[in-house]
Structure formats: C-alpha cells, structure tokens
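This briefing goes through one protein model, topic by topic. Please look over the sequence and the structure before reading the points below.

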Amino acid sequence: MLYRSILVLASVTIGALAGPTQDVLSFSKPRPLVIWHGLGDSYASDGLVQFQSYIAQMHPGIFIHSIYIDQDVKEDQRATYYGNVDDQVEQVAEQLKAVPELSGGFDAMGFSQGGQFLRAYVERHNDPPIRNLITFGSQHMGIAGIPGCGPFDVLCQLARKATRVGVYNGWVQQNIIQVLLPLLFLLCTPSFYPSAQAQYYRDPVQLQTYLAANHFLTSINNELPATRNATYAARLATLDALVLVLFERDSTVIPKESAWFGSYTPPSDSREGDEESLVSMREQPLYTEDWIGLRALDERGRVVFASCDSEHMHLTAECWQPLVEKYVGSRKSS
C-alpha cells in the first residue's frame with residue numbers, strides 16, 4: 001500500500017477529559033504545544049483538528065500550533081512527498097520563531113516522519129526551545145524496506161530492488177521525500193503502490209551508498225565523522241523528556257523498532273540475508289559514542305519508551321491520553 005501517516009483516532013468521550021484538570025488548575029497557564037503531522041496528512045486535516053480539540057479539553061487554555069509548509073492544505077499535503085527536508089526544517093524554524101506564544105518554549109509532538117523532522121529542529125535550532133518531545137511511530141533510524149513484502153511476494157520484492165537502485169540518486173535525495181515507482185505500479189494490484197521515503201531510507205544492504213548519498217538522516221544522526229556536529233548532541237541533551245512511541249502492530253514502518261532508534265544489522269554481503277537481526281538503541285554506535293546526545297539524555301532518565309497496541313498511526317485513547325496528560329501542557333503561573 002502507499003505509505004501514508006494520516007492520523008486515525010479511536011473514539012473519545014470528550015466530557016471525560018475536561019474533569020478535574022480544569023477545576024484544579026484553572027489559575028495556571030499550560031505550556032504551548034507544537035504538532036508536526038505525518039506523510040500524506042496536512043496541518044489542518046480533520047483528524048488533526050479533532051485531536052487538537054481533545055488536547056484542548058485536557059489542558060484548557062493551551063495554545064496549539066500545527067506546523068505547515070504551505071498554508072494551502074493541498075499543497076501542504078503535497079509537501080510531505082516532494083521537497084527537500086533540510087529546507088523544510090529551516091522554513092519551520094523561521095515559522096516557530098515568528099509565533100509570539102512560543103517564545104518561552106513549548107512541548108512538541110511529531111506524528112510519523114514529523115517526529116524525526118522535529119528532532120532535526122531541536123538539533124539544528126531549538127530556538128525557541130522544545131521541552132518535551134513526543135514522537136509517534138517515527139523513523140529515527142530510517143526505514144529499510146517497502147511495507148508489506150512477504151518472502152513470496154514477487155512484485156513487492158521487485159519493487160524493493162528497484163527502489164534500492166534509484167533511491168540514492170543525487171536528484172532524488174535532494175528533491176523527493178516519497179519515491180514512487182510508476183512502472184512497477186502498472187504491474188501491481190491497485191492496493192499496492194511501491195514507495196520509499198528517500199531522504200530517510202537507510203538500506204542495510206547498501207549502507208556505504210546510503211552514507212555517501214544521504215543528506216538528511218546521516219546529518220541528524222551525526223553518522224559522518226567528517227561533518228559530525230557536537231552542537232547537535234548538546235541541544236538534544238537539553239530536552240526535559242524524549243518520549244519514543246512505537247506501534248506494536250506497525251506494518252508500515254520497516255523495521256517498526258526505528259521508532260525506538262532500532263535498525264537492521266547490515267548483512268555480511270550484498271544479499272538480503274540477515275535483515276531480521278535488529279540493533280537496539282543502546283547497541284547503536286550513535287548511542288554508545290553519543291553522537292547526538294541520546295546517551296546523555298538516557299543516562300539522566302529522560303528517554304521514555306512507550307508503545308501502542310495498534311497499526312501505524314492508529315491512536316487509541318488508552319495510548320495517547322496518558323502521554324498527553326503527562327508530557328504536554330506543563331503549567332506555569334499566568
């Protein structure tokens with residue numbers, strides 16, 4: 001299927017969210033919240049607007065800013081597929097700095113790819129600063145394959161191989177977030193659209209090619225010794241909390257453990273052999289050598305692992321409500 005990260009919400013009883021929070025804390029002001037939506041979604045989609053209304057019920061008086069690349073909803077959605085992520089992060093940094101309500105700092109929530117884009121903001125700017133960052137199903141160690149490929153799914157495997165040929169093309173890396181393979185689409189069923197997220201496609205089979213060609217993910221993960229930026233680590237380590245949410249039944253993000261900074265081990269040769277072997281966050285060189293400040297943050301007890309028992313971006317109240325209650329809207333005196 002086409003990889004999209006549109007927010008899907010379970011039903012919520014709004015009245016239940018507005019109870020003691022409003023009565024007990026009516027004389028304080030909640031910290032603002034910034035949201036960056038996911039692939040195929042927009043800053044003003046029905047699901048995102050509904051979700052914001054739930055948060056406003058939980059934290060009365062909260063200011064919420066939904067990040068956009070274009071104020072035209074259709075163009076904002078299109079920008080999740082096409083464009084240069086580095087340029088988009090710069091645009092968003094200017095956008096957030098221009099919002100007066102955010103000047104004292106804010107909490108932030110990233111849905112799917114919006115999570116690693118917000119982390120890029122923290123590492124490269126963080127002015128105004130993010131206090132608590134929650135990422136839902138984000139691809140912090142990239143993605144390593146097309147969703148839905150089974151061992152006997154010939155068309156899917158062909159699409160994966162074709163993606164690996166073209167995804168590290170220089171023009172693609174600079175201009176395309178989502179790679180579509182229209183020729184293979186002609187061979188596939190209507191429900192299957194071969195695709196890959198070019199600027200965070202981290203192929204363990206051709207890791208050296210990835211390191212040479214990729215500009216975005218290699219940068220925010222400080223994977224290249226020649227360009228490693230110590231300021232990135234210093235800024236990420238200032239977070240009060242980094243909340244990493246994994247979808248336990250995620251069949252869209254491969255591997256789903258990327259949400260927890262997990263990745264596949266590079267195979268011993270160019271064949272797809274050992275991809276199923278996972279490297280966890282604390283085993284990553286990125287962590288052990290603390291390239292981005294993740295280890296420093298973790299050793300202070302500020303990295304939180306959470307999970308939702310659902311598919312990618314299918315948010316149930318049982319999953320998101322406790323996180324929003326605890327890590328969003330920390331109050332200060334008016």
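In which loop does Ala 79 lie? Ala 79 is in the loop between helix H4 (73-78) and H5. The model is a predicted one. Its secondary structure comes to 15 helices and 14 strands, and buried residues make up 56% of the 334 residues in the protein.

- Ala 79 counts as buried because its relative accessibility is 9%, and the cut-off for buried is under 20%.

- Six strands form an open sheet: it has 6 strands in the order E4-E3-E5-E6-E9-E12, and the pairing is parallel.
- Strand E4 (64-66) and strand E12 (303-308) stand at the edges; each has a single partner strand, so one side of each is left without a neighbour in the sheet.
- From one strand to the next, the twist averages 15 degrees.
- Strand E9 (residues 241-247) pairs with E12 in the parallel sense, over 6 bridges.
- Leu 246 has Ser 307 in E12 as its bridge partner.
- Helix H5 (residues 85-97) lies across strand E3 (33-36), E4 and strand E5 (106-111), and runs at about 155 degrees to E3.

**Aromatic rings**

- A pair of aromatic rings is described by the distance of the centres and the angle of the planes.
- The structure holds 11 aromatic pairs.
- In one of these pairs, the ring centres of Phe 51 and Phe 111 are 5.5 Å apart and the planes stand at 70 degrees, so the pair is edge-to-face.
- This pair links distant parts of the chain, since Phe 51 is in helix H3 (residues 46-58) and Phe 111 is in strand E5, 60 residues apart.
- Phe 51 counts as buried, at 0% relative accessibility, and Phe 111 counts as buried at 1%.
- Phe 117 and Tyr 200 also form an edge-to-face pair, with 6.4 Å from centre to centre and 70 degrees between the planes.
- Phe 117 lies in helix H6 (residues 113-124) and Tyr 200 in the loop between strand E8 (195-197) and helix H10 (207-213), so this pair ties together parts that are 83 residues apart in sequence.
- Phe 117 is buried, with a relative accessible area of 1%, and Tyr 200 is buried, with a relative accessible area of 0%.
- One aromatic cluster is formed by Phe 51, Tyr 54, Phe 111, Phe 136 and Trp 320.
- Arg 228 lies over the face of Trp 291, at 4.1 Å from the ring centre.

**Nonpolar cores**

- In soluble globular proteins, nonpolar side chains tend to be buried together.
- The largest nonpolar core has 45 residues, of which Ile 130, Phe 261 and Leu 294 touch the most other members.
- Leaving out residues up to four places away in sequence, Leu 294 touches Leu 236, Leu 242, Phe 261, Met 281, Leu 286, Tyr 287 and Val 303.
- Another core, of 31 residues, lies apart from the largest one; among its members are Ile 62, Ala 317, Cys 319 and Val 324.

**Contacts along the chain**

- Of the contacts in the protein with a separation of 6 or more, 74% are between residues 24 or more positions apart.

Definitions and conventions. Residues are numbered from 1 along each chain as its sequence is written. This is a predicted model: local features need pLDDT of at least 70, side-chain atom pairs count only at pLDDT 80 or more; totals for chains, interfaces and linings use all residues. Side-chain values use heavy atoms; hydrogens and water are left out. Two strands pair if DSSP finds at least two bridges between them. Helices (H or I, at least four residues) and strands (E, at least two) are DSSP runs, numbered from the N terminus. Axes are lines fitted to C-alpha atoms, for helices over the stretch in contact, and angles run from 0 to 180 degrees between N-to-C directions. Contact means heavy atoms within 4.5 Å. Rings of Phe, Tyr and Trp (its six-membered ring) pair if their centres lie within 6.5 Å; planes under 30 degrees apart count as stacked, over 60 as edge-to-face and the rest as tilted. Buried means under 20% relative accessible area, exposed over 50%, partly exposed in between (1.4 Å probe, protein chains only). A charge sits over a ring if NZ of Lys or CZ of Arg is within 6 Å of the ring centre and within 35 degrees of the ring normal. A nonpolar core is a set of buried Ala, Val, Leu, Ile, Met, Phe, Trp, Tyr and Cys residues joined through side-chain atoms within 4.5 Å.
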